[in-house]
Amino acid sequence: MDHTAHHHSAPQQHTAHHGADHAGHGGRGGASWPTAAKATLHCLTGCAIGEILGMAIGTALAWGNAPTMILAIALAFVFGYSFTLFAVRRAGLGFKAAVRVALVADTVSIAVMELVDNGIIALVPGAMDAQLDEGLFWGALLGGFVIAFLVTTPVNKWMIGRGKGHAVVHAYH
């Protein structure tokens, strides 16, 4: 698809598009649940890659719980932001502007997701001490992702409905 042509006429198309359907992406009608779920899944994908990578690295290197969790959270933010950054750069946005869009679009979603996911891992007995080859490690991690998705989707629905969060990225799709 030629994003250059789309990007040059985006203000007219975007205005017309939003005039036609506010309910799906945000605005006065609020965001739809499928839109919020899609935004959350997008965020979860980046977070999961970073989180799994960080937990695997920290666990494989026999780091303590705190440094492993810090690495996992940092990588979750890096990968979460990078997915949005890649998408808006591909749509023609400059690097500095793309970084601003990613920060505005994803910070709250990633923060909520990380808080819930890491809270679940910390609360599951033995999960913080489980090794990579144990079901408890993967069960707590993946269970945390599921619960984080369920908690974060309503947050994203609320934000998108007010023109914030992932709604900011919509202008560049």
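Is F77 buried, exposed or partly exposed? F77 is partly exposed in this predicted model, and its relative accessible area is 22%.

**View 1. F77 pairs with Y81 on helix α5.** A search of the whole structure finds two aromatic pairs. F77 and Y81 make up one of them, with ring centres 5.8 Å apart. Helix α5 spans residues 65-90 and holds both F77 and Y81. Four residues separate them, about one turn of the helix. Y81 counts as buried, at 17% relative accessibility, because the cut-off for buried is under 20%.

**View 2. F137 and W138 form an edge-to-face pair.** The ring centres lie 4.8 Å apart. The planes stand at 80°. F137 is buried, with a relative accessible area of 5%. W138 is partly exposed, at 31%.

**View 3. K157 places its charged end over the ring of W33.** The distance from that charged end to the ring centre is 5.0 Å.

**View 4. The second largest pocket has a volume of about 160 Å³.** Its lining counts 14 residues. Closest to the pocket centre are T59, W63, N65, M128 and A130. Helices α4 (33-60) and α5 each supply at least two lining residues. The most come from α4, which gives three. By class, seven lining residues are nonpolar, six are polar and one is charged.

Note on methods. Residues are numbered from 1 along each chain as its sequence is written. This is a predicted model: local features need pLDDT of at least 70, side-chain atom pairs count only at pLDDT 80 or more; totals for chains, interfaces and linings use all residues. Side-chain values use heavy atoms; hydrogens and water are left out. Rings of Phe, Tyr and Trp (its six-membered ring) pair if their centres lie within 6.5 Å; planes under 30 degrees apart count as stacked, over 60 as edge-to-face and the rest as tilted. Buried means under 20% relative accessible area, exposed over 50%, partly exposed in between (1.4 Å probe, protein chains only). A charge sits over a ring if NZ of Lys or CZ of Arg is within 6 Å of the ring centre and within 35 degrees of the ring normal. On a 1 Å grid over the protein atoms alone, a cavity is a set of points where a 1.4 Å probe fits but cannot get out, and a pocket is an open set with protein on both sides within 12 Å along at least five of seven lines; lining residues have an atom within 4 Å of a point. Grid points are joined across faces, edges and corners, and a volume is the space filled by probe spheres set on the points. Ala, Val, Leu, Ile, Met, Phe, Trp, Tyr, Cys and Pro count as nonpolar, Asp, Glu, Lys and Arg as charged, and the others, Gly among them, as polar.
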